[in-house]
Amino acid sequence: MKRTLTVSLSIIFFLSACGTKTPPTPTQVPATEVPPTVAAPPTATLTNPTITPNASATSSTCTDAATFVDDVTIPDYTHLDPRQTFTKTWRIKNTGTCPWSSGYSAVYAGGDHLGVKDSIALGDTAPGATLDISMDMAAPASDGTYKIFYQLEDPAGKNMTIDAGNTMWAIITVGKVFVNASPTPLASLSTPHAASSSGGTGTTNCVTQANAGFVSQTLDLINNARTTNGLSALTLNDQLGSAAQLHSADMACSGILSHTGTDGSTPASRITAAGYNASISRENIYAQPPQFGGNPQAAMDWWMSDLIHREAILNAQVTQVGIGYAAYTKSPLGGYFTVDFAGP
């Protein structure tokens with residue numbers, strides 16, 4: 001979950017699935033959302049812990065619940081220097097009927113410890129109000145992808161529901177990434193789109209290709225997953241679609257796969273800039289050359305295999321979606337998907 005930081009990177013990504021892998025050979029391109037790293041993966045990483053929610057009512061007359069609003073600092077997959085200190089801040093909304101007080105806490109629930117406290121007390125928060133929760137952390141010394149999970153507990157020590165799950169998280173990458181040669185020209189692409197400063201790139205000589213068929217297929221796959229899990233289908237929204245397409249073009253032109261735009265924008269700020277007033281928003285991204293399997297089904301399979309991205313797809317509070325796809329022949333990953341989920 002989801003500003004500007006100094007990083008030491010050798011950036012143009014070649015993907016491996018949300019973690020560290022050895023560099024791909026010329027005949028195989030692994031799919032992922034984050035780049036491979038130079039060093040071996042961390043030895044103490046716990047991935048996506050499974051935590052069984054407990055009922056979190058503090059009395060017979062009120063209930064506890066929360067929803068994630070925004071990553072105020074350090075969006076997912078922010079790149080940091082080894083041992084760099086930072087403060088992660090989540091914005092959370094009290095969607096229950098119980099007021100929060102200092103008896104409530106945010107408690108470490110798994111993943112890489114990152115040198116943080118095991119728990120901190122929450123501030124007073126009335127039902128319907130939002131609260132910024134900040135944790136001081138430090139990036140590890142070794143290159144890799146690191147995840148840390150927290151849950152919110154009531155005064156009795158019972159954890160509360162946060163959206164469709166019961167954790168909030170921070171994800172960072174540390175160290176260098178490999179540079180890879182550009183892929184061969186891509187096929188089966190449709191309308192060209194020139195990237196502009198409004199998309200975050202400020203690039204005038206980068207022309208990306210959209211793919212309406214990929215957008216339609218991605219929507220069908222998402223809605224099939226939702227209806228299979230007893231959720232309503234999502235409807236396409238032009239404003240969300242514009243935000244998603246601009247971010248895909250920005251990533252394609254910059255060669256960077258990240259939720260943070262080259263202008264420092266976040267998923268929430270891009271959705272707002274597109275004119276959509278969201279009460280909740282989520283974003284999934286994916287990239288892979290089409291000739292190596294970078295298609296909607298591959299993207300969907302990867303998202304559904306990862307707890308964080310699966311929860312975005314199966315979030316009961318989102319009702320609308322925007323889907324972007326942009327390909328650029330000079331980008332190492334070829335084609336970039338962005339899916340923005342939101343509810344008004």
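User: How many bridges join strand 1 to strand 3, and in which sense do they run?

Analyst: This is a predicted model, in which local features need pLDDT of at least 70 and side-chain atom pairs count only at pLDDT 80 or more, while totals for chains, interfaces and linings use all residues. Residues are numbered from 1 along each chain as its sequence is written, and side-chain values use heavy atoms, with hydrogens and water left out. Strands (E, at least two residues) and helices (H or I, at least four) are DSSP runs numbered from the N terminus, and two strands pair if DSSP finds at least two bridges between them. Phe68 stands opposite Ile92 in strand 3, and the number of bridges between strand 1 and strand 3 is five, the sense antiparallel.

User: Which strands stand at the edges of the open sheet of four strands?

Analyst: The sheet has mixed pairing and the strand order 6-3-1-8. Each edge strand has a single partner, so one side of each is left without a neighbour in the sheet. The edges are strand 6 (130-138) and strand 8 (161-162).

User: Which residue in strand 6 is the bridge partner of Thr85?

Analyst: Strand 3 and strand 6 pair over nine bridges in the antiparallel sense. Strand 6 has a covered face of Leu131, Ile133, Met135 and Met137, and its uncovered face includes Thr130 and Ala138. The partner of Thr85 is Ala138.

User: How many residues of strand 15 are buried?

Analyst: Buried means under 20% relative accessible area, exposed over 50%, and partly exposed in between (1.4 Å probe, protein chains only). Both faces of strand 15 are covered, with Gly335, Phe337, Val339, Phe341 and Gly343 on one side and Tyr336, Thr338, Asp340 and Ala342 on the other. Strand 15 (residues 335-343) is largely enclosed by the rest of the structure, because the buried count is nine of the nine residues.

User: Which residue stands opposite Gln320 in strand 15?

Analyst: Strand 13 (residues 280-287) is joined to strand 15 by eight bridges in an antiparallel arrangement, and Ala287 there stands opposite Tyr336. Strand 14 (residues 320-327) also runs antiparallel to strand 15, with eight bridges. Opposite Gln320 stands Ala342.

User: What is the handedness of the link between Cys62 and Cys98?

Analyst: A disulfide is a pair of cysteine sulfur atoms within 2.5 Å, and the sulfur atoms of Cys62 and Cys98 are 2.0 Å apart. Cys62 lies in the segment before strand 1 (65-71) and Cys98 in the loop between strand 3 (85-94) and strand 4 (105-111), so the pair ties together parts that are 36 residues apart in sequence. Cys62 is buried at 12% relative accessibility, as is Cys98 at 1%. With 95° about the S-S bond, the link is right-handed.

User: How many residues apart are Cys206 and Cys253?

Analyst: A disulfide joins Cys206 to Cys253, with an S to S distance of 1.8 Å. The torsion about the S-S bond is about -85°, so this disulfide is left-handed. Cys206 lies in the loop between strand 10 (192-194) and strand 11 (207-209) and Cys253 in helix 2 (residues 238-254), a separation of 47 residues.

User: At what angle do helix 1 and helix 4 pack?

Analyst: Axes are lines fitted to C-alpha atoms, for helices over the stretch in contact, and angles run from 0 to 180 degrees between N-to-C directions. Contact means heavy atoms within 4.5 Å; among the residues that meet are Phe214 and Leu221 in helix 1 and Met300 and Trp303 in helix 4. The axes of helix 1 (residues 212-228) and helix 4 (residues 296-304) are 9 Å apart, and the packing angle is about 35°.

User: Is Arg83 buried or exposed?

Analyst: Most residues other than glycine have a negative phi. Arg83, in the loop between strand 2 and strand 3, has a positive phi of about 65° although it is not a glycine. At 62% relative accessibility, Arg83 counts as exposed.

User: What is the phi of Ile74 near?

Analyst: Ile74 lies in the loop between strand 1 and strand 2 (78-80). Ile74 is buried, with a relative accessible area of 4%. Its phi is positive, in a residue other than glycine, and is near 55°.
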